[in-house]
Structure formats: structure tokens, C-alpha cells
Amino acid sequence: MVKKNGRQNRRQRYLCRACGHSFQSSRHLIKRQHQLWNQYVFKRQTLADLADSFNLSTKHIRRELKRVPFKVPLVIASEISQPVALVCDTTYFGCYGVMVWRCFNRRSNLLWHFVAEESVNQYMAGIKELEAKGYTITSVTCDGHKGLLLALTLAGYKAQLCQFHMMKTVTKYLTSKPLLLAGQELRSIILSLPRATQEIFFQQLNQWVSKWSEFLKEKTFNPETGRWQYTHRRIRSAYHSLDYNRSYLFTFEKYVTLKIPKTTNTLDGTFSHLKQKVRIHRGLNLNTQRKMVETILAQPSKPIS
């Protein structure tokens with residue numbers, strides 16, 4: 001086997017004397033694959049851009065990208081021993097979703113799974129998987145998926161409902177511009193949630209419900225169903241969602257030393273960044289898209305000091 005002069009791209013090639021086949025070093029090919037992949041994922045380079053930069057055809061670039069394996073990031077033992085304020089949530093990409101468990105203090109994604117839809121059992125299984133790896137979960141902040149907060153509490157975890165999602169739920173019932181005075185006052189209370197303490201917030205909420213108790217009990221006869229129903233059902237639903245979740249809105253205040261995040265914003269930002277990256281490369285096949293999602297999720301972030 002002898003060396004052969006490189007082509008226009010100036011890459012060293014080799015010639016097999018036995019069969020006449022010429023080829024490049026596999027080490028160089030692997031390095032080039034990762035260069036292509038990193039520029040494709042993180043530098044927003046299209047296939048055409050990469051083809052021009054590397055003097056290759058778009059078909060060849062596409063083939064190289066498919067060959068890049070996803071490497072599971074190594075976990076350092078010293079990091080596992082540190083307590084974890086966990087944040088978990090799910091985002092969707094059309095026909096599938098990705099469920100992520102993230103450490104708030106280290107700003108790193110500890111675990112993720114591709115799912116068809118989110119469920120309480122899947123969230124709990126992910127937490128158990130992390131504990132089996134040696135992580136110590138001190139708290140869990142989530143978006144309030146139905147039944148999840150109760151399951152976390154029964155399992156002995158300190159559960160925090162994302163305050164931002166609570167505000168979105170109340171706004172869904174009231175709208176951003178309620179017409180009735182009761183709705184306007186309740187919206188004013190929920191907008192104060194990020195800055196309020198537990199004592200002040202529920203003091204305002206209790207005063208509101210005392211003021212509007214008779215209003216909330218009003219009923220209207222529905223001639224279509226032949227039944228009486230509450231007149232202000234949406235305002236009632238907004239209040240009851242707050243009242244039902246009152247035990248989980250200020251968990252971070254009860255355990256200050258644990259530094260529990262009161263929102264899932266750290267994951268929401270990750271999901272927004274993730275979708276922007278994927279959206280650039282439309283038309284990806286499912287396997288390549290999932291590999292891109294995992295590559296981005298595996299990137300380490302700067303921890304909180």
C-alpha cells in the first residue's frame with residue numbers, strides 16, 4: 001500500500017496495490033464527519049453551505065451526516081454526588097415528544113427520553129432512573145401535569161408547581177382582558193404571583209373569594225339542557241385551579257436552603273433554543289432529527305455559581 005497525491009481538497013489519500021482502490025484515512029474521515037455535524041447543528045449551516053465549504057456534493061454531505069454516531073456524554077462521579085434540584089417537562093416535535101429531566105443548579109440535562117405523549121408514570125420512572133444512577137433528588141419542579149404533583153408528594157419528593165404555568169392556566173380561563181370586575185381583580189392577583197410571598201398572595205386570594213362568594217354561587221337556567229348551571233364558570237375554574245394547587249406554589253419558600261426553582265424556565269429556554277435549531281433544517285428524516293435533538297440536549301451549560 002502506497003501514498004497517493006491528494007486531490008483538489010488537498011487531503012492525503014492511499015492506494016491499495018492489490019486492488020487499486022484509493023481511500024482516505026479513517027481517522028480523518030471520522031474527524032470530518034464530526035466537523036460537518038457540529039457546523040450543521042450549531043452553526044446553522046445548510047447542506048449547500050457545507051458542500052461549498054468542504055468541496056463535496058450535497059448528496060455526499062447528507063450521507064456523511066447520517067453516519068455520525070451520537071455519543072452519550074460521560075458523567076463525572078463528583079457531579080453525581082451533588083444534590084439535584086430537578087426540573088422536568090416535555091416538548092413536542094410533531095409526531096413525537098422529548099421528555100427531559102434537568103438539573104437546575106448545573107444547568108445540565110441529566111436524562112431525556114423520546115415519548116409519544118407524557119404521563120405521570122414516565123416522569124416518575126425517569127426520576128427513579130436518575131436515583132439508580134446515584135443522583136440525589138432534593139426537589140422536583142414541574143408544569144403541573146395532571147396527577148404528577150400528587151404522585152411526587154406521595155413518593156416523598158418536595159414538589160414545586162411552575163408559577164409561570166399556573167399564571168397561564170388562570171389566564172386561559174380569564175383571558176388577558178377580563179370583562180367582569182371579579183375576573184379583573186383575580187387576574188391582578190395572579191400577575192403578582194412571581195413577586196409575592198406565600199402569606200401575602202393567599203391573603204389577597206382569601207379576601208377576593210370572601211368578597212365575591214355570592215357572585216361565584218350565581219346560577220343560570222340552561223333551556224337546552226333543562227338544568228341550572230353556574231353563571232360564571234370560567235372565573236370559578238380559574239379560582240379553583242389556584243385553590244387546588246395552593247400547596248405546591250410556594251414549596252421553594254419553605255425550603256430556602258435547597259434552592260428550589262419556582263418555574264421551569266430553565267427548560268422552557270432550552271426547548272425554545274432546541275426548536276429554533278431544528279426548524280432551520282426542515283425536511284429531516286426522523287432519525288437525523290432525533291440525533292440532532294440529543295446532540296443539543298447533551299451540550300453542557302454554565303452552572304449557577
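Biologist: What share of the chain's residues count as buried?
Modeller: Of the 305 residues, 42% count as buried, where buried means under 20% relative accessible area, exposed over 50% and partly exposed in between, with a 1.4 Å probe and protein chains only. Bear in mind that this is a predicted model, where local features need pLDDT of at least 70, side-chain atom pairs count only at pLDDT 80 or more, and totals for chains, interfaces and linings use all residues. Residues are numbered from 1 along each chain as its sequence is written, and side-chain values use heavy atoms, leaving out hydrogens and water.

Biologist: Okay, Glu 118: buried or exposed?
Modeller: Glu 118 is buried, because its relative accessible area is 19%.

Biologist: And which side chain does Glu 118 join in a polar contact of 2.6 Å?
Modeller: That would be Tyr 123. A polar contact is a pair of N or O atoms within 3.5 Å; within protein, one must be able to donate a hydrogen and the other to accept it, and residues adjacent in sequence count only if both atoms are side-chain atoms.

Biologist: New topic: how many aromatic pairs are there?
Modeller: The whole structure has 10. Rings of Phe, Tyr and Trp (its six-membered ring) pair if their centres lie within 6.5 Å; planes under 30 degrees apart count as stacked, over 60 as edge-to-face and the rest as tilted. One of them is Tyr 96 with Phe 114, edge-to-face at 5.6 Å centre to centre and 70 degrees between the planes.

Biologist: Which residues form a cluster through ring pairs?
Modeller: Phe 201, Phe 202, Phe 250 and Phe 252 are linked that way.
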